[in-house]
Amino acid sequence: MSNLQLRVISAVVLAIVALGLTWLGGLPFRLLCAVMAAMIFYEWTRMSRPAEADGLGFLPEALMVIFVGALIAGLPARWLLPLVVILVATAAITAGVRKIGQWDAGGLAYACMSGLSLALLRDGDHSGLVAILFLFAVVWATDIFAYFVGRAVGGPKLAPSISPGKTRSGALGGAVGGVVAGLLLAAFAGAGNLALLGVVALVLSIVAQAGDLFESWVKRRHGRKDSGVLIPGHGGIMDRVDGLVAAALALYVIGWIAAGAEHPAQGLFPI
């Protein structure tokens with residue numbers, strides 16, 4: 001079986017699981033977010049730590065366990081957001097004092113905000129469901145269109161020192177595809193503010209591609225081709241969700257501005 005076939009099969013399986021748990025919402029979706037955050041942190045630390053022995057001991061892992069427990073328990077944003085700040089600050093201060101494990105705090109922040117953004121966007125209502133489906137539509141279409149347009153058109157590289165395979169034509173094609181997919185999903189869901197959502201979809205597509213480049217930079221910084229080996233044809237969890245988690249954070253911030261930190265989806269999808 002070719003690598004492309006493995007990628008397609010893995011992507012379809014992951015999409016089915018993600019869509020099913022998104023539909024269920026509640027505890028099943030929070031469990032998905034918690035597992036994803038934990039795996040992101042695991043892969044980040046495996047890449048960034050120079051050796052098996054970590055000068056911070058098990059402190060970063062303990063902090064991650066605290067976050068995972070809080071996320072699964074369904075703590076509201078007014079408690080979850082300060083908790084993340086405290087956990088990341090603890091890791092950063094400890095690393096600064098001991099002069100080791102400086103990447104752990106960044107990995108903890110990246111993983112926690114990834115899980116938190118998705119969980120709080122989904123919330124427990126119909127608006128949250130539509131918000132996550134909108135996010136999936138934009139990010140997945142961006143990924144698909146960027147890949148195929150880039151291969152078909154080619155041209156100048158987008159960021160050759162970070163990700164030599166990505167082209168500017170692919171980035172543009174991905175952005176167009178992401179906006180179209182987002183608007184189709186929003187229209188199907190009955191959203192009325194399509195002009196605004198078109199702008200939001202464009203922002204999410206750009207952020208998703210930036211998130212992909214960021215993860216590529218982290219891997220190159222630590223001499224890795226893939227973040228892990230868990231997903232056949234894709235590598236690790238980070239390799240698969242890099243654009244998604246960046247776009248999720250962006251959508252959460254936009255929703256926060258529109259409707260507050262507790263129910264961000266309602267500001268964009270008052271359905």
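Start at Arg-122. Leaving aside neighbours within four places in sequence, Arg-122 is in contact with Thr-22, Trp-23, Leu-24, Gly-25, Phe-29, Gly-128, Leu-129 and Ile-132. Keep in mind that this is a predicted model.

Where does Arg-122 sit? Its place is in helix H5, which covers residues 102–122. Arg-122 is buried, yet it has no salt bridge. The nearest side chain of opposite charge belongs to Asp-125, 5.1 Å away. A salt bridge needs a side-chain nitrogen of Lys or Arg within 4 Å of a carboxyl oxygen of Asp or Glu.

Now turn to the cysteines. How many disulfides are there? The count is zero. Take Cys-33: its sulfur lies 12 Å from the closest cysteine sulfur, in Cys-112, and that is too far for a bond. Cys-112 is in no disulfide either, as the nearest cysteine sulfur is that of Cys-33. Cys-33 is buried, with a relative accessible area of 1%. Cys-112 also counts as buried, at 0% relative accessibility.

Step back to the whole protein. Its secondary structure comes to 10 helices and two strands. Along the sequence the pattern reads α-α-α-α-α-α-β-β-α-α-α-α.

What about overall size? The C-alpha trace spans about 50 × 45 × 30 Å along its principal axes. A compact globule with 271 residues would have a radius of gyration near 18 Å, and the protein agrees because its value is 18 Å.

Contacts and surface complete the tour. Among contacts between residues at least 6 apart in sequence, 72% join residues at least 24 apart. Of the 271 residues, 49% count as buried. The accessible surface comes to about 12700 Å², and 72% of that belongs to carbon and sulfur atoms.

Terms used:
Residues are numbered from 1 along each chain as its sequence is written. This is a predicted model: local features need pLDDT of at least 70, side-chain atom pairs count only at pLDDT 80 or more; totals for chains, interfaces and linings use all residues. Side-chain values use heavy atoms; hydrogens and water are left out. Helices (H or I, at least four residues) and strands (E, at least two) are DSSP runs, numbered from the N terminus. Buried means under 20% relative accessible area, exposed over 50%, partly exposed in between (1.4 Å probe, protein chains only). Lys and Arg count as positive and Asp and Glu as negative; His and the chain ends are not counted. Contact means heavy atoms within 4.5 Å. A disulfide is a pair of cysteine sulfur atoms within 2.5 Å. The radius of gyration is taken over C-alpha atoms; the globule rule is 2.2 Å times the number of residues to the power 0.38. Accessible areas come from the Shrake-Rupley method with a 1.4 Å probe; for residues, only the protein chains shown count as cover.
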